[in-house]
Structures are given as structure tokens and as C-alpha cells.
Amino acid sequence: MRIGILGGTFNPIHIGHLVLAEEAKESLKLDRVIFIPAFMPPHKNSSSIINPDDRLQMVCLAVQGNDAFEVSDIEIRKQRMSYSVYTLRDLHKQYGKGTGFFLITGSDSLGELTSWKNIQEVFRMSQFVVASRPGFPVKDVPSQIKVVLITPLEISSTQIRRKIREGHSIRYLVPDPVRGYILEKGLYRDKNPGK
């Protein structure tokens, strides 16, 4: 079995994440893609990150209707800093031999790879995949990393949070169920929602 892993803060999940997952699934001939919201990502400022349970719920709402997508709370359950190397170890135990893992990340993460915890072990346990993102050219990629070109959509969670704070519409930037959840819960209206 070939399983894609798309981890992230998903603060909130948006259409760009879903397009990336679908196109990576197709390009890499994956059987499924598992979305894994981080409890606390090591490379992000935590002051703007909302409650992990809300982020998890939004990811679950976003992937409804796609049988090849699933969601795991493996990192949120641990309630500690989320590192890909620990998650991959757990997934290898869970799925056993015969499963190939494809760890998918955006090209904006390429510059941070040297700071990833146990990155060489991450490379050994998975096929590392970099997906193109607008504004972050894919260049000087190490040979063990596979590159996937994705339809360029200039959408970011930062942009969506700003639009909400400013009272602008986010329709069509996030799936409708996610938009409904954000509006119902009043998420992202505060400038520092993590506090």
C-alpha cells in the first residue's frame, strides 16, 4: 500500500491543501492520503494557532466525500510538540511492512529541512515529497526528495485568518462545511486566537 502523509497546522485547512493532496495522490499513485493536524508545530508561532480540536474538526469536515482521504489525530492525542520522525515511527508500527509512506510538504518548507528533527531518519522511513507552492520556487532539491508540481493556487491560512479578522468573505477559499464551522464558532476574529 502507498500512503501519502500530509501533516500541517491546518489553521484553517483550505482548498489549496485539498488540491495539493488530490494532485499528489494522482501523481504518486497513492492509495490514500492521511491528513495529520499537528498539536504544536515546531516551526510556527503558536500565538496565532487555535485549539487543536477545532483544527482537527475542520480537517474532518474538509475531507468528507473523498474516500481516498482520511484524518488522523495521532499528533493531537500526544499533546506535545509534533515531529514527523515520531509520527512516522508510529505509523510504521501501525501499518507494518509492505506499506510505503510518502511524506508530502510544500516547497516553502525546503529551507527548513536542516532544522527538522532526525531528518535523515525521516528520509529513510518515507519517500520525502516536495509539492510546488506559489512564491517558493523548487530549486536545489536534494536527490532523495521527489518533486511534484501542483496547480498553483495563491491561498494561505494566514490570508484566510486576516480576511476573517477584517470581516471579508472566505467563501470558495475553504470548503463550505469548514466556512460554516468557522462562522458558527466565531474562530479567528481575535488577533491572537491562541491566547
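**Note on the salt bridges**

1. Six salt bridges are counted in this predicted model, a salt bridge being a side-chain nitrogen of Lys or Arg within 4 Å of a carboxyl oxygen of Asp or Glu. In this predicted model, local features need pLDDT of at least 70, side-chain atom pairs count only at pLDDT 80 or more, and totals for chains, interfaces and linings use all residues. Residues are numbered from 1 along each chain as its sequence is written, and side-chain values use heavy atoms, with hydrogens and water left out.

2. Asp73 and Arg77 join through their side chains, N to O at 2.5 Å. Asp73 is partly exposed at 28% relative accessibility. Arg77 is exposed at 56%. The cut-offs: buried is under 20% relative accessible area, exposed is over 50%, and partly exposed lies in between (1.4 Å probe, protein chains only).

3. Lys78 pairs with Asp90 in a salt bridge, with 2.1 Å between the closest N and O atoms. This pair links distant parts of the chain, 12 residues apart: Lys78 sits in helix H3 (residues 74-78) and Asp90 in helix H4 (residues 84-95). Helices here are DSSP runs (H or I, at least four residues), numbered from the N terminus. Both partners are partly exposed: Asp90 has a relative accessible area of 22%, and Lys78 has 35%.

4. Asp176 and Arg179 form a salt bridge, their closest N and O atoms 3.5 Å apart. Both belong to helix H7 (residues 176-185), three residues apart, about one turn of the helix. Arg179 is buried at 17% relative accessible area, whereas Asp176 is partly exposed at 45%.

Notes. Helices (H or I, at least four residues) and strands (E, at least two) are DSSP runs, numbered from the N terminus.
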